[in-house]
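Dear colleague,

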Amino acid sequence: MTRLRPVTGPDDPAILEAAAILALGGLVAFPTETVYGLGADGLNPEAVARIYAAKGRPATNPVILHVADAAAARELVSHWSAEATALAARFWPGPLTLVLPASAAVPSIVRAGGPSVALRCPAHPVALALIRAAGRPLAAPSANRSQHLSPTLAQHVASSLGEAVDLILDGGPTEAGLESTILDLTGERPRILRPGPVGPAELAALVGPVDRWEGAVRAGAVQAAPGMGERHYAPRARLDLVAPGTGLREASGAVAYVGLGTLPELPGGVRGILLPLDADAVGTRLFALLHELDDAGFDRIIMELPPEDDAWLAVRDRLRRASAKEMP
Ligand code: TXA
Ligand code: MG
């Protein structure tokens with residue numbers, strides 16, 4: 001049985017127990033401000049290999065190293081740019097991951113054999129206390145089976161990964177609900193590899209124009225952004241996206257319809273769910289809602305598409321991936 005331990009704050013004794021597990025090469029799931037992470041000692045290749053095994057994650061998909069501050073990040077890169085200094089000063093601790101050229105200190109398995117490393121300083125007191133107690137960078141992807149929904153509750157971790165985790169620190173629901181923004185600083189211009197809570201305008205205000213990674217990379221092709229296969233963050237139920245106000249004439253099976261801002265009239269038997277027309281609120285709620293509908297046995301989820309503006313970029317990205325029909 002996986003142990004699920006409530007953790008009240010950075011001084012909770014469970015954090016020292018978790019650090020001891022990490023020191024022995026074990027796996028600890030912990031809350032961050034985005035989603036729960038599946039952590040291991042990021043400088044221990046055998047421990048990181050356990051993350052890949054537990055998630056069923058392809059060896060080609062690198063993991064993020066979580067650090068307590070920018071000084072710790074600098075030790076893991078071969079070149080720390082002025083842009084990195086500015087971004088870390090403004091957004092760390094917080095939901096921004098920076099991709100930089102890796103130093104020799106970073107094990108190959110963390111980088112999936114590539115030349116760069118992804119670094120993030122999470123803004124959650126429990127995550128920061130755990131990194132400090134471990135005294136090492138923590139490798140931590142989202143704590144879910146590969147290609148499934150990211151966990152925003154400790155219970156999601158337990159049901160997705162179960163026995164494979166040595167300890168789950170339960171810090172309650174995560175705040176942002178969507179994974180961090182990933183910004184690649186290894187090219188000529190900064191490039192967003194994954195939209196997230198930190199938006200393109202906020203980044204551009206600090207570092208000038210940023211490129212965006214457009215669309216998904218096909219199965220088998222060399223991935224421009226590792227792990228950016230099309231179907232990702234997927235619920236078990238079939239998810240279809242429709243224009244706002246489309247509604248539904250008839251339905252068979254267990255169907256849920258998710259409206260944004262307003263809910264059209266729906267046929268009897270269809271479960272209507274109203275979400276506010278507020279990107280942050282929907283981001284916080286989205287994965288938990290999809291988990292709930294899966295657990296409740298819905299076969300089909302129909303959800304209205306959010307507006308096209310940048311505030312909704314991360315939500316639209318996750319919905320597009322969750323509704324993609326092809327596995328990469
Ligand atoms: O909010 C988050 O970022 C969460 C929490 C736990 O910190 N973590 C997370 O990790 O979402 P994961 O592994 O589920 O997603 C990280 C993404 C993957 O798509 C991976 O391919 C990409 O980051 N990534 C990791 N290292 C990279 C690198 N060196 N270059 C490009 N992309 C990288
Ligand atoms: Mg993930």
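Predicted model: local features only at pLDDT ≥ 70, side-chain atom pairs only at ≥ 80, totals over all residues.

Residues are numbered from 1 along each chain as its sequence is written, chains are lettered from A and ligands numbered from 1 in the order in which they are written, and side-chain values use heavy atoms, with hydrogens and water left out.

The sheet is open and mixed in its pairing, with 11 strands in the order β1-β8-β2-β3-β7-β4-β6-β5-β9-β10-β11; strands pair if DSSP finds at least two bridges between them, and helices (H or I, at least four residues) and strands (E, at least two) are DSSP runs numbered from the N terminus. At its edges lie β1 (3-6) and β11 (211-212), each of which pairs on one side only. Strands β5 (residues 96-101) and β9 (residues 181-184) pair in the parallel sense over 4 bridges, and Leu96 stands opposite Thr181 in β9.

In helix α8 (residues 200-207), the buried residues are Pro200, Leu203 and Val207, where buried means under 20% relative accessible area, exposed over 50% and partly exposed in between (1.4 Å probe, protein chains only). Because these residues cover an arc of only 65 degrees around the axis, they fall on the same side of α8, the arc being that of the directions from the helix axis to the C-beta atoms. They pack against α4 (82-91), β5, β9, β10 (191-194), β11 and α10 (313-323), with contact meaning heavy atoms within 4.5 Å, whereas the face turned away from the buried side carries the exposed residues Ala201 and Ala205. Just after α8, Gly208 takes a positive phi of about 85 degrees.

Ser81 is found in the loop between α3 (70-74) and α4, and counts as buried because its relative accessibility is 15%. Leaving aside neighbours within four places in sequence, Ser81 is in contact with Leu100 and Leu185.

Finally, the chain is divided into domain 1 (3-212) and domain 2 (238-322), with bounds that come from an automatic or database domain assignment. The contact takes 17 residues from domain 1 and 14 residues from domain 2. The area buried between the two domains is about 1,300 Å², of which carbon and sulfur atoms give 63%; buried area is the accessible area (1.4 Å probe) that two parts lose on being put together, summed over both.
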